[in-house]
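Please work through each task before reading its solution.

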Amino acid sequence: MDVQLSDKSQVRLKGVRDGFWVTLDPSLPADYIQEELTRVFNQLQHLAFNSHVTLDMGGPEGRESIVEMLRAFLKSKFNVASVAVAPASPPPKEVPVNGEHGGDKSHKPDMSSVWMEHHSDALVIAGRVRSGQKITAQKHLVILGDVNPGSELIAGGDILIMGTLGGIALAGQPDNEAAIILAIGFKPIQIQIGGIIATEVPVSQRHTLEFARVDHGDIVVEDYIKTNPFGRLTWPEVR
Amino acid sequence: MDGKVIVITSGKGGVGKTTATACIGAALALENRQVAVVDMDIGLRNLDGGMGLENRIVFNVVDAAKGKCKIKQAAIKDRRIENLYLIPASQSDNKDALTPDIMVRLCKELRKEFDYVLLDCPAGIERGFENSVAPADEAVVVCTPEVSSVRDADRVIALLYARSITPRLIVNRIVPEMVENGDMLSHEDVVDVLSVELLGLVPLDNQVVISTNTGAPLVLQKDSEAGQSFRRIALRMEGQDIPIEIPQAQKSFWKKLGIIIGIGK
Ligand SMILES: Nc1ncnc2c1ncn2[C@@H]1O[C@H](COP(=O)(O)OP(=O)(O)OP(=O)(O)O)[C@@H](O)[C@H]1O
Ligand SMILES: [Mg+2]
């Protein structure tokens with residue numbers, strides 16, 4: 001993971017054993033530091049979540065107020081677990097984030113293992129869901145098959161259907177409006193994302209991959225391939 | 001004998017279960033099979049209203065199931081078709097008279113005497129459905145090319161699979177002209193959603209109503225398309241490999257005439 005950002009940046013970040021080491025110049029204006037931190041942490045996406053951050057400002061002396069401010073900022077905005085201040089000594093060697101190969105000469109954390117620390121629940125079902133049947137998933141729901149009219153799918157997260165959707169689909173229950181409903185052949189009776197309900201979904205005649213999402217408080221259905229909604233994400237994200 | 005017990009069901013009412021039960025029963029009997037059609041509703045009796053069968057009913061399915069009479073006494077022989085017997089429904093409206101267990105026991109007896117036991121299931125998925133499905137080895141689901149009928153058939157199919165019965169499908173009351181014009185679901189649309197084995201396609205046919213009124217068996221009428229469809233369905237149930245015929249739009253009288261006398265080419 002090459003999270004060491006541009007050398008020109010006055011705020012630099014690298015992955016260390018159990019989190020991130022952030023080097024910054026405390027004499028810079030506070031809002032500039034915040035702006036730069038936002039920029040580098042945004043690129044980390046979920047990896048920042050629950051991580052331990054060490055701020056290296058050339059020693060802890062006399063930095064209490066700015067440390068307090070940045071600690072509150074990082075915790076609230078990026079959900080980091082802790083923010084510590086580095087002693088005046090040099091930073092530890094950069095090591096893989098999973099720590100398994102401590103002292104790896106490549107200085108590159110093992111990105112493929114990083115994902116093993118995260119998990120995202122999905123209930124995966126194969127087969128046809130028939131009228132009168134109801135499937136409920138805590139988080140995401142994946143159906144490998146068709147979903148017939150008269151059936152009902154309910155999920156805390158996304159609903160992904162590798163087949164036609166002809167029934168009722170309720171994603172993001174009860175209040176996650178970031179959830180999506182995806183199907184090949186989008187002919188639902190009714191869909192709901194979070195608390196938003198769409199009863200008159202335009203029936204698609206084509207057998208293409210379409211998805212529904214919430215846009216400004218309304219449910220919109222779009223061509224998935226053309227829209228490529230997650231193609232813009234700069235970093236793979238856990239859903 | 002070790003006969004098969006087959007339930008004819010649909011979920012939705014009025015789609016042709018009783019018609020199918022009567023026609024398939026008659027067609028199987030014409031193939032020299034011993035057939036009992038069992039009225040789990042009150043439909044078959046209605047179907048036989050015109051043939052003076054009513055006054056021959058002494059015992060019914062509940063009596064036979066509870067051992068109040070011998071099976072032979074409850075099974076009324078059809079007057080025109082050899083080997084075809086009707087076991088009528090109970091007249092009493094006591095809904096608790098039958099249970100799935102009692103039906104399983106009755107069908108065990110019926111299997112010994114008949115090659116086929118066809119159960120004409122009532123509409124819905126309540127008690128009558130449970131009673132009819134419990135003893136069944138096989139199931140035939142009847143539906144019409146209508147959204148609501150397909151929906152109910154789908155539901156019934158799920159319930160049958162839940163009981164480890166693999167259903168087969170009859171699409172009834174097809175109007176080829178309407179399918180051609182896009183005003184009616186095609187049988188492909190129906191099979192796409194239901195995704196079960198197709199047993200046959202039966203067109204809408206006025207002869208069905210006429211036969212109900214006169215009591216003349218539909219399957220004996222060579223000019224009845226529905227009757228002939230049911231005969232082919234019976235042969236498929238017998239294990240014969242007969243291709244499914246898709247009901248075709250009738251050319252109008254004038255068009256036919258035009259072809260014969262050489263105009264309109
Ligand atoms: N192929 C057909 N062509 C024309 N009429 C038909 C056809 N099939 C059934 N019918 C008619 O439709 C009506 C309903 O048929 P039937 O009684 O067999 O349905 P059912 O499913 O047994 O109904 P119920 O649920 O009330 O028992 C009857 O009047 C019957 O004559
Ligand atoms: Mg009936």
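**Exercise 1: A salt bridge between chains**

Task. Identify the side chains that meet in a salt bridge, with the N to O distance.

Solution. In this predicted model, the side chains of Arg130(A) and Asp154(B) form a salt bridge, at 2.8 Å from N to O. Across the interface of chain B and chain A, the rule finds one salt bridge.

**Exercise 2: The interface of chain B and chain A**

Task. Determine how many residues each chain brings to the contact, and which helix gives the most to the side of chain B that touches chain A.

Solution. Step 1: chain B contributes eleven residues and chain A nine. Step 2: the two chains bury about 760 Å² between them, with 44% of it on carbon and sulfur atoms. Step 3: nine residue pairs are in polar contact between chain B and chain A, both residues being at pLDDT 80 or more. Step 4: on the side of chain B that touches chain A, helix H7 (147-162) and helix H9 (187-194) of chain B each supply at least two residues. H7(B) gives the most, with six residues. Step 5: by class, this side of chain B has six nonpolar, one polar and four charged residues.

**Exercise 3: Two helices of chain A**

Task. Describe how H1(A) passes H2(A).

Solution. Step 1: the axes of helix H1 (residues 30-44) and helix H2 (residues 64-78) of chain A come within 11 Å and cross at roughly 35°. Step 2: the crossing of H1(A) and H2(A) is right-handed. Step 3: the residues of this contact comprise ten nonpolar, three polar and one charged.

Note on methods
Residues numbered from 1 in each chain as written. Chains lettered and ligands numbered in written order. Predicted model: local features only at pLDDT ≥ 70, side-chain atom pairs only at ≥ 80, totals over all residues. Heavy atoms only, no water. Axes fitted to C-alpha atoms, helices over the stretch in contact; angles between N-to-C directions. Helix = DSSP H or I, 4+ residues; strand = E, 2+ residues; numbered from the N terminus. Left-handed = near helix turned anticlockwise from the far one by under 90°. Nonpolar A, V, L, I, M, F, W, Y, C, P; charged D, E, K, R; others polar. Contact = heavy atoms within 4.5 Å. Buried area = accessible area lost by both parts, 1.4 Å probe. Salt bridge = Lys/Arg side-chain N within 4 Å of Asp/Glu carboxyl O. Polar contact = N/O pair within 3.5 Å; in protein donor to acceptor, adjacent residues only side chain to side chain.
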